[in-house]
Amino acid sequence: MSVMQQLSSPISSSSSAFLSHSSFNSRSKNVSVPAKRIGICKCVAVPQEAQTAYTTKVSRNANMAKLQAGYLFPEIARRKAAHLLKYPDAQVISLGIGDTTEPIPEVITSAMAKRAHELSTLEGYSGYGDEQGEKALRAAICSTFYNGLTVTQDDIFVSDGAKSDISRLQVLFGANVTMAVQDPSYPAYVDSSVIMGQTGQFQKDVQKYQRIEYMKCTPENGFFPDLSTVPRTDIIFFCSPNNPTGAAATREQLTQLVKFAKQNGSIIVYDSAYAMYTSEDNPRSIYEIPGAKEVAIETSSFSKYAGFTGVRLGWTVVPKILLFSDGFPVAKDFNRIVCTSFNGASNIAQAGGLACLSPEGLKAMRDVVGFYKENTNIIVETFDSLGFKVYGGKNAPYVWVHFPGRNSWDVFSEILEKTHVVTTPGSGFGPAGDGFIRVSAFGHRKNVLEACKRFKQLYK
Ligand SMILES: Cc1ncc(COP(=O)(O)O)c(C=O)c1O
């Protein structure tokens, strides 16, 4: 690949955010708009100054070179761009990217607006805050999400989102740890591990990186890995309710996971970014499992509860009793990393977070979550009625549709070609995702209904 080609090809990403940025240009455009208005040429826009043959003497980080450029999301973007060239008037609907679409409830934005205005006053101005987050917000997160779970407010580190925290946690662990992930899983775990240098090369034949344990999660095992076959790793990333499968682990399963971690002396990084979508009796937090505080970190986010994907606010819990092998508290090192690489979440976002956790804010968040869950039901019913095996949906805003024996990319292309709806091919989340399509429930109701109408026409 020439330097120019490398510069103009979309950059690989660990997240569905890249469904939108350069080629899709539609992070906030889940409304069906005439395709012509979507800036498809942006995907190949190269800054003028980049068009030079001059190279520095700095060698590229070899770990970056291991990443699978163009593997999932840039490839989706490329295919969508090609689709828009072919059908310039198509009303494209994106149910691919996991980005929220509904307005942030007024009770929350008004608190942010108030805080913003206070910053213009002598009395109300504040600059850098505590890196760990404002005390009131840490207390509110603790009492709302960890009530009765012996998590204390100083175990909580407020952040600019769970994704940044995943990378900060990887910096905390360093290059020499081994890690396991659910297969399929949210791509940020694997990509941040590659960037940190924890892995070997990507093995094209099996679609896996060396030195990562891929814990297969399929309908056959109820989307929970057979831990008796999983080798010991230092770190276990575990997301429940899961993106992309929508599966939520049961109390018994999480009890097994904690026991497994304890036997192996591993640390679990538990991602509960979708916990509020849980309808059934599944745990909302890993700390509901006895003993979890000795082996687990939990990361979570306001993104999918309150439409904060753009506002940016999340948190990570690192219990003080979680220790490295030499007895050093993990929280102390994490605090050091947070203080070194992060100056705290935006004070305006934190005011929003606090409003989210007021009684009115909580009700408003439940309504937002409820709205997306209705979308989920519509999507589930649609694929159900068409005779597909459908998973997820009950406890997560993602529907995982099975197309047995088919290549996920072929199904993705078929749906895009015939319905102008963008989904996500399951294989992009890991090799065990092949044969599946993830349909996101984040969308305006009319778009979801329209997409479902088109699915029905295609597969009737
Ligand atoms: C499982 C999971 N964790 C974390 C994130 C990122 O959350 P945030 O917006 O807080 O960075 C996402 C976003 O899609 C996700 O699906």
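How many nonpolar, polar and charged residues does the lining of the second largest cavity have, by class? The count is seven nonpolar, five polar and no charged residues. The model is predicted.

**Cavities**

- Rolling a probe the size of a water molecule over the atoms shows where empty space is left.
- Two cavities of 30 Å³ or more are found in the structure.
- The second largest cavity has a volume of about 50 Å³.
- Its lining includes Q182, G222, F223 and F224, and F238, C239, S240 and N242 also line this cavity.
- A247, A248, A249 and Q253 are also among the lining residues of the second largest cavity.

**Ligand surroundings**

- The ligand is surrounded by 14 residues, of which D271, Y274, S301, S303 and K304 are the closest.
- By class, the residues of this shell divide into six nonpolar, four polar and four charged.
- D271 has a polar side-chain atom 2.6 Å from a nitrogen atom of the ligand.
- Y274 has an N or O atom in its side chain that is 2.6 Å from an oxygen atom of the ligand.
- For S301, a polar side-chain atom lies 2.6 Å from an oxygen atom of the ligand.
- On its own, the ligand has 400 Å² of accessible area, and the protein covers 94% of this area.
- Two or more residues of the shell around the ligand come from α6 (162–173), and two or more come from α9 (303–306).

**The open sheet**

- Four strands form an open sheet in the order β11-β12-β15-β14, and their pairing is antiparallel.
- β11 (389–392) and β14 (424–425) stand at the edges with a single partner strand each, so one side of each is left without a neighbour in the sheet.
- Strand β12 (residues 398–402) pairs with strand β15 (residues 436–440) over five bridges, in the antiparallel sense.
- Within this pairing, V399 has V439 in β15 as its bridge partner.
- β11 and β12 run antiparallel and are joined by four bridges.
- In that pairing, V399 in β12 stands opposite G392.
- The hairpin of β11 and β12 has five residues between the strands, and G393 in this hairpin takes a positive phi near 85°.

- Which form does the peptide bond from D183 to P184 take, cis or trans? This bond is cis, with omega near 10°.
- P184 is found in the loop between β3 (179–183) and α7 (188–196).
- A cis peptide bond also runs from N243 to P244, with omega near 20°.
- The loop between β7 (235–239) and α8 (251–264) holds P244.
- R312, a residue other than glycine, has a positive phi near 75°.
- R312 is placed in the loop between α9 and β10 (314–317).

Notes. Residues numbered from 1 in each chain as written. Predicted model: local features only at pLDDT ≥ 70, side-chain atom pairs only at ≥ 80, totals over all residues. Heavy atoms only, no water. 1 Å grid on protein atoms, 1.4 Å probe; cavity = no way out; pocket = protein on both sides within 12 Å on 5 of 7 lines; lining within 4 Å. Points joined across faces, edges and corners; volume = space filled by probe spheres on them. Nonpolar A, V, L, I, M, F, W, Y, C, P; charged D, E, K, R; others polar. Near = heavy atom within 4 Å. Polar contact = N/O pair within 3.5 Å; in protein donor to acceptor, adjacent residues only side chain to side chain. Areas by Shrake-Rupley, 256 points an atom, 1.4 Å probe, with all protein chains shown as cover. Pairing = 2+ DSSP bridges.
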